Amino acid sequence: MGAGFVGTTTAVTFAELGHKVICIDTDAKKVESLSRGKPPFYEPSLKEMLIKHLEASNIRFSTDAKSAIEASTIIFICVGTPATENGDADLTYVRQAALSIGAQMNGYRLVVNKSTAPVGTCTRIQNWIWESQTNPWEFDVVSNPEFLREGNALFDFLHPRRVIIGSTNAKPAALMQNLYEGLACPIIHTNPNTAELIKYASNSFLATKISFMNELARLCDTLKVNIRDVANGMGLDSRIGSDFLEAGVGYGGSCFPKDVSALLQMAGEYEVNLTILRQVKQVNDTQWVYLLNKILSVMGSVKGKSLAVYGLSFKPNTNDTRESPSRFVILHLAKQGATVRVHDPITTLPSSLQLPAIRQCQTPEAAADEADAVVICTDWPEYRDIDWGAVKTKMRQAYVFDGRNMLDMELMRSFGFSYHGIGYSN
Ligand code: UGA
């Protein structure tokens, strides 16, 4: 249930694992587009895998919840849990899904919640199903959080680091174990509350690693130390691990910002103050400001100047711009009086950035033409392959602000650029 990012990738990959899948959504346009083999978002290889399973009749998309619920023993809830104004996860769509399952089921059902939702949501789902049942059919509710990264979702699903099954009963736990049979990874059985917390704790811990490095990068700028070398030296200790130590302009996307806020909110409701996590959010909320201030302190005012911004999505290999630090940087450069020329390999300007001072360019070279500075906000690999020597000859001034520390500082300076990373300028 739900043909968003999680629902669609889950549906397609379960088809790939040999199951018959019906994916339902209330959005008829989305269903129609998916039925024609067109996902409404970009995810590498998803389109090809979708078409393969549509052609083999392993998967179909529908708005008809009743038929899908009647035809399926296992039902995955994959609907959105957007943040409310105070940071809570909004369970409106989860509730709607549960009520519809209760009303339409015509025999035993295993209901699996994949939507990221606060501790206690499985119990709520159970209550909503009971509330809407017209016949007392048996059912179980299990928590099975997803750990898919946008841009790597198919790989992550087929090669998970772990599968978490949160259930209080042996029968549904065994059904779930069968479903994932063939995937070479540890399967952890736990109760639903623990499974739900594992999801929030995992995302929040990854966000903590990033904010730790981002704050340390600010110190590195002052001490004239290179954060990339610091990360390298730390990461080789397997207790620390080398992943998620890359300092930059901050984390974005539909998961980390929302999940950190939701965990803080949840803890607050139980009067527990997660002080570390509060700072993680604070560092991230100000990290794009740190980059902006760096630009202003190096260049002076940007009023009347032309700046090229590379990257709109919150990370490479996706066209998702939700909470992308790039959006804040672009908007504030324009507010400071700069002309901003934006490049992204696949993403187009969201409506909030369609302003006279902001223009999208087809190539990074075109965006840098006559520019005073290039600002990198997303580490698309193609930005490494640019002929930077040639780009420099076309620029008015040669400033590069690398908000992802992705370029080679020595090389860039050898071309004559005034190059500035985040904790990576010395
Ligand atoms: C994240 C988690 O990594 C997934 O395991 C999880 O399933 C998913 O959220 C979710 O809850 O659905 P995702 O949001 O797709 O996945 O993206 P990540 O690859 O985790 O990156 C998040 C942000 O952190 C990006 O803006 C990225 O640029 C930034 N980042 C990442 C850094 O700034 N530094 C790093 O070292 C790593």
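**Residues, ligand and salt bridges**

Student: Leaving aside its neighbours within four places in sequence, which residues is Asp 140 in contact with?
Tutor: This is a predicted model, in which local features need pLDDT of at least 70 and side-chain atom pairs count only at pLDDT 80 or more, while totals for chains, interfaces and linings use all residues. Residues are numbered from 1 along each chain as its sequence is written, and side-chain values use heavy atoms, with hydrogens and water left out. Contact means heavy atoms within 4.5 Å. With those sequence neighbours set aside, Asp 140 touches Tyr 108, Arg 109, Leu 110, Val 111, Asn 169 and Pro 172.

Student: In which strand is Asp 140?
Tutor: Helices (H or I, at least four residues) and strands (E, at least two) are DSSP runs numbered from the N terminus. The strand that holds Asp 140 covers residues 139-143. Its name is β5.

Student: How far from Asp 140 is the nearest side chain of opposite charge?
Tutor: Asp and Glu count as negative and Lys and Arg as positive, while His and the chain ends are not counted. A salt bridge needs a side-chain nitrogen of Lys or Arg within 4 Å of a carboxyl oxygen of Asp or Glu. Asp 140 is buried (under 20% relative accessible area; exposed is over 50%, partly exposed in between; 1.4 Å probe, protein chains only). Asp 140 has no salt bridge, and the nearest side chain of opposite charge, Lys 171, lies at 5.3 Å.

Student: Which helix gives the largest share of the shell around the ligand?
Tutor: There are 19 residues around the ligand, with Glu 146, Glu 150, Lys 199, Asn 203 and Phe 314 coming nearest. Both α9 (192-223) and α11 (256-269) supply at least two residues of this shell. The largest share, 3 residues, comes from α9.

Student: How much of the ligand's accessible area does the protein cover?
Tutor: Oxygen atoms of the ligand lie 2.9 Å from a polar backbone atom of Leu 148, and 3.4 Å from a backbone N or O atom of Leu 245. A polar side-chain atom of Arg 404 is 3.3 Å from a ligand oxygen. Of the 710 Å² of accessible area that the ligand has on its own, the protein covers 91%.

Student: How many residues apart in sequence are the parts that Arg 322 and Glu 150 tie together?
Tutor: Arg 322 and Glu 150 form a salt bridge through their side chains, at 4.0 Å from N to O. Arg 322 belongs to the loop between β8 (306-310) and α13 (325-335), and Glu 150 to the loop between β5 and α7 (153-158), so the separation in sequence is 172 residues.

Student: Which residues do salt bridges with shared partners join into one network?
Tutor: Arg 322, which is partly exposed at 45% relative accessible area, also forms a salt bridge with Asp 320, with the closest N and O atoms 2.9 Å apart. Glu 150 is buried at 8% relative accessibility. Asp 320 is buried at 9%. The shared partners make one network of Glu 150, Asp 320 and Arg 322.

Key:
A residue is near a molecule or strand if one of its heavy atoms lies within 4 Å of it. A polar contact is a pair of N or O atoms within 3.5 Å; within protein, one must be able to donate a hydrogen and the other to accept it, and residues adjacent in sequence count only if both atoms are side-chain atoms. Accessible areas come from the Shrake-Rupley method with a 1.4 Å probe; for residues, only the protein chains shown count as cover.
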